[in-house]
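I opened this entry to keep track of what I looked up, one item at a time. The notes follow the order in which I checked things.

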Amino acid sequence: MSTPPPSSLAKAKWLKKIHWDEHGLVPVIAQEAGSNDVLMFAWMNREALARTVELGEAVYWSRSRKKLWHKGEESGHVQKVLEIRLDCDEDVVLLKIEQAGGIACHTGRHSCFYQKFEGDALEGDWQTAEPVLKDPAEIYAAEQAAKPKKTTP
């Protein structure tokens, strides 16, 4: 089954209920279903959310790359979506997911929220609270190997 064209998606009742920002995006929180850990924060546009519903896997909008990003397409760390919720203001989406490989962060950690503030307002600082589970160089090695090598004249 393919995703309907964006023009027909705009008419979908469930998509119209969401309060999209001025860029047509909505913030999304990915929460691990088993542990309830918040694994990451990202953005979706209408097409990303529709693809997520269609595939049953998280598809986000990459603001830096300006394109859809199927979570795990490069790392293999796919997020299987078990449930999708909309907050009371209808402007934040929560995905309850199963995280393939137990790694959600591109740094090789379980969660993108691995830094914890410790101390007081004057002397406090961010401390690493979660270990690297897999070296990012190993995670993305296959992707790098597949890219064509640049040659210099």
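**Entry 1: Ala50.** I started at Ala50, which lies in helix H3. Buried or exposed, I asked of Ala50? Ala50 is buried, because its relative accessible area is 7%, under the 20% limit. I then took one distance from there. The C-alpha of Ala50 is 9.7 Å from that of Ala12, and 38 residues of chain separate the two. I note here that the model is predicted.

**Entry 2: the chain as a whole.** I listed the secondary structure next. The chain has five helices and eight strands. Read from the N terminus, the order is α-α-β-β-α-β-β-β-β-β-β-α-α. I looked up burial for the 153 residues of the chain, and 33% of them are buried. I also checked contacts between residues at least 6 apart in sequence. Of these, 43% link residues at least 24 apart.

**Entry 3: the sheet.** Which order do the strands take in the open sheet? I read E2-E1-E6-E5, four strands with mixed pairing. The edges are E2 (38-44) and E5 (79-86). Each has a single partner strand, so one side of each has no neighbour in the sheet. From one strand to the next, the twist averages 25°.

I went through the pairings. E1, residues 26-32, runs antiparallel to E2, and six bridges join them. I picked out one of the bridge pairs: Ala30 has Met40 in E2 as its partner. E5 and E6 (residues 93-99) are also antiparallel, with seven bridges. There I noted Arg85, which faces Leu94 in E6. I reminded myself that strands in a sheet pair through backbone hydrogen bonds, in either a parallel or an antiparallel sense.

I then followed the turn between E5 and E6. This hairpin has six residues between its strands. Within the hairpin, Glu90 has a positive phi near 60°.

**Entry 4: the core.** I turned to the largest nonpolar core, which counts 21 residues. Which members touch the most others? They are Val26, Val28, Met44, Tyr60 and Leu95. At least two residues of this core come from each of E1, E2, helix H3 (46-55), strand E3 (59-62) and E6. E2 supplies the most, with four.

I took Val26 for a closer look. Leaving out residues up to four places away in sequence, I found that Val26 touches Ile18, Trp20, Ala42, Trp43, Met44, Asp91, Val92 and Val93.

**Entry 5: cysteines.** I searched for disulfides and found zero. Cys105 is in none, and the nearest cysteine sulfur, in Cys112, is 3.8 Å away. Cys105 is buried at 4% relative accessible area, whereas Cys112 is partly exposed at 31%.

**Entry 6: salt bridges.** I counted five salt bridges.

- Arg51 and Glu54 meet at 2.8 Å. They are three residues apart in helix H3, so about one helical turn separates them. Arg51 is partly exposed, with 27% relative accessible area, and Glu54 is partly exposed with 26%.
- Arg85 and Glu83 meet at 2.3 Å. Arg85 is the residue I had noted opposite Leu94. Its relative accessible area is 45%, which makes Arg85 partly exposed. Glu83 is partly exposed as well, at 31%.
- Glu118 and Lys116 meet at 3.8 Å. This pair counts because the limit is 4 Å. Glu118 has 40% relative accessibility and is partly exposed. Lys116, at 46%, is partly exposed too.

Notes
Residues are numbered from 1 along each chain as its sequence is written. This is a predicted model: local features need pLDDT of at least 70, side-chain atom pairs count only at pLDDT 80 or more; totals for chains, interfaces and linings use all residues. Side-chain values use heavy atoms; hydrogens and water are left out. Two strands pair if DSSP finds at least two bridges between them. Axes are lines fitted to C-alpha atoms, for helices over the stretch in contact, and angles run from 0 to 180 degrees between N-to-C directions. A disulfide is a pair of cysteine sulfur atoms within 2.5 Å. Buried means under 20% relative accessible area, exposed over 50%, partly exposed in between (1.4 Å probe, protein chains only). A nonpolar core is a set of buried Ala, Val, Leu, Ile, Met, Phe, Trp, Tyr and Cys residues joined through side-chain atoms within 4.5 Å. Contact means heavy atoms within 4.5 Å. A salt bridge is a side-chain nitrogen of Lys or Arg within 4 Å of a carboxyl oxygen of Asp or Glu.
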